[in-house]
Amino acid sequence: MIAVRFFAGARAAAGGVSSEGAEAGSLRELVQVLTDRHGERLGLVLKSASFLVDGLVCHDREAPLPAGVTVDVLPPFAGG
């Protein structure tokens, strides 16, 4: 199980959910699972989101996600 935490606009796009669990082997799979669960609005946010895996930035969406990690979903933001 992977712990997923949503921040700012990602939380809003997920219907106000701040965290949840999911099963996925990679970030690409996680994005699909979350899009299927919450809809295309979140899917659009996830396309340009940044991901932290146990606090470290991860740009490789094919990288394996071991069970027990925490993935933070950070939407793009203006001015930063």
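The legends below describe close-up views of a predicted model.

Local features need pLDDT of at least 70 and side-chain atom pairs count only at pLDDT 80 or more, while totals for chains, interfaces and linings use all residues. Residues are numbered from 1 along each chain as its sequence is written, and side-chain values use heavy atoms, with hydrogens and water left out.

**View 1**
Helix 2 covers residues 27-38. Helices here are DSSP runs of H or I with at least four residues, strands are runs of E with at least two, and both are numbered from the N terminus. Helix 2 has twelve residues and reaches 16 Å from first C-alpha to last, close to the 16 Å expected at 1.5 Å a residue. The expected span is 1.5 Å times one less than the number of residues. Leu 27, Leu 30, Val 31, Leu 34 and Thr 35 of helix 2 are buried. Buried means under 20% relative accessible area, exposed means over 50%, and partly exposed lies in between (1.4 Å probe, protein chains only). Seen down the axis of helix 2, the buried residues fall within an arc of 130 degrees, so they line one face of the helix. The arc is taken from the directions from the helix axis to the C-beta atoms.

**View 1. What the buried face of helix 2 packs against.**
The buried residues of helix 2 pack against strand 1 (2-6), strand 2 (19-22), helix 3 (40-48), strand 3 (50-53) and strand 5 (70-74). Contact means heavy atoms within 4.5 Å. Thr 35 lies in helix 2 and is buried, with a relative accessible area of 14%. Leaving aside neighbours within four places in sequence, Thr 35 is in contact with Glu 40, Gly 43 and Leu 46.

**View 2. The largest nonpolar core.**
This core has 24 residues, and those with the most contacts inside it are Leu 30 and Val 71. A nonpolar core is a set of buried Ala, Val, Leu, Ile, Met, Phe, Trp, Tyr and Cys residues joined through side-chain atoms within 4.5 Å. Strand 1, helix 1 (9-13), helix 2, helix 3, strand 3 and strand 5 each supply at least two residues of this core. The largest share, four residues, comes from helix 2. Leu 30 touches Val 4, Ala 22, Ala 24, Leu 65 and Val 71, not counting residues up to four places away in sequence. In soluble globular proteins, nonpolar side chains tend to be buried together.

**View 4**
Strand 3 and strand 5 pair in the antiparallel sense over four bridges. Two strands pair if DSSP finds at least two bridges between them. The bridge partner of Leu 52 in strand 5 is Asp 72.

**View 3. The hairpin of strand 3 and strand 4.**
Strand 3 and strand 4 run antiparallel and are joined by two bridges. Val 53 has Leu 56 of strand 4 as its bridge partner. Two residues lie between the strands of this hairpin. Asp 54 lies in the loop between them. Its phi is near 50 degrees, a positive value in a residue other than glycine. Asp 54 counts as partly exposed, at 49% relative accessibility.

**View 4. The loop between strand 1 and helix 1.**
Ala 8 lies in this loop. Ala 8 has a positive phi of about 50 degrees although it is not a glycine. At 58% relative accessibility, Ala 8 counts as exposed.

His 38 is found in helix 2. At 24% relative accessibility, His 38 counts as partly exposed. Leaving aside neighbours within four places in sequence, His 38 is in contact with Ala 13, Ala 14, Val 17 and Glu 20. The C-alpha atoms of His 38 and Val 69 are separated by 21 Å, with the two residues 31 apart along the chain. Just after helix 2, Gly 39 takes a positive phi of about 105 degrees.
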